[in-house]
Amino acid sequence: MEKKLDHIGVAVRLIEESITFYTKVLGGTLIDRYRNEAEGVESEIAVIDVQGSRTELLMPTNNTTSPIARFIKQKGKGVHHVAYEVPDLDEAIEDVHAKGIRTLAWSRRTNKHGRRLIYLNPADTDGTIIEYCDYPEKHV
């Protein structure tokens with residue numbers, strides 16, 4: 001199944017400082033910023049484009065239940081996940097399950113831009129959180 005890098009997710013403590021770094025130092029453009037208070041997300045998200053490559057800055061909005069807060073407590077700030085776009089998320093999930101790779105069912109959702117996503121279980125990916133995502137509106 002074809003895959004291409006979609007974005008890198010970066011866990012941050014202070015989103016304003018991170019936005020400043022990515023825009024002023026790296027020359028990126030802030031293309032979106034929003035909060036998602038859904039259970040299992042609970043983050044403020046800033047999407048930065050640096051010459052066609054995207055980075056999502058993820059700051060927890062709830063330091064008790066946000067998965068990003070737990071990640072920062074366990075591993076510190078930094079790269080949280082690597083996201084790959086796949087042609088069809090449902091087929092990609094079937095494919096990884098057939099290969100013995102588990103997914104984190106709680107992470108499956110559709111974001112505000114219509115991107116469908118799920119995380120692969122890092123216990124099966126050598127410790128890296130891998131996101132698979134698709135954009136169904138591209139194929140309508």
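This is a predicted model: local features need pLDDT of at least 70, side-chain atom pairs count only at pLDDT 80 or more; totals for chains, interfaces and linings use all residues.
Residues are numbered from 1 along each chain as its sequence is written, and side-chain values use heavy atoms, with hydrogens and water left out.

Let me begin with the largest nonpolar core, which has 10 residues, including V82, I93, I130 and Y132. A nonpolar core here is a set of buried Ala, Val, Leu, Ile, Met, Phe, Trp, Tyr and Cys residues joined through side-chain atoms within 4.5 Å, and buried means under 20% relative accessible area, exposed over 50%, and partly exposed in between, with a 1.4 Å probe and protein chains only. Two or more residues come from each of helix 3 (89-98), strand 7 (116-120) and strand 8 (129-134), where helices (H or I, at least four residues) and strands (E, at least two) are DSSP runs numbered from the N terminus. Helix 3 gives the most, with 4 residues.

Apart from this core lies another, of 9 residues, among them V10, V12, I19 and Y22.

Turning to helix 1, which spans residues 15-25, we find I15, S18, I19 and Y22 buried. They lie on the same side of helix 1 because they cover an arc of only 100° around the axis, the arc being that of the directions from the helix axis to the C-beta atoms. On the other side of helix 1, E17, K24 and V25 are exposed. Finally, helix 1 is followed by G27, whose phi is positive, near 75°.
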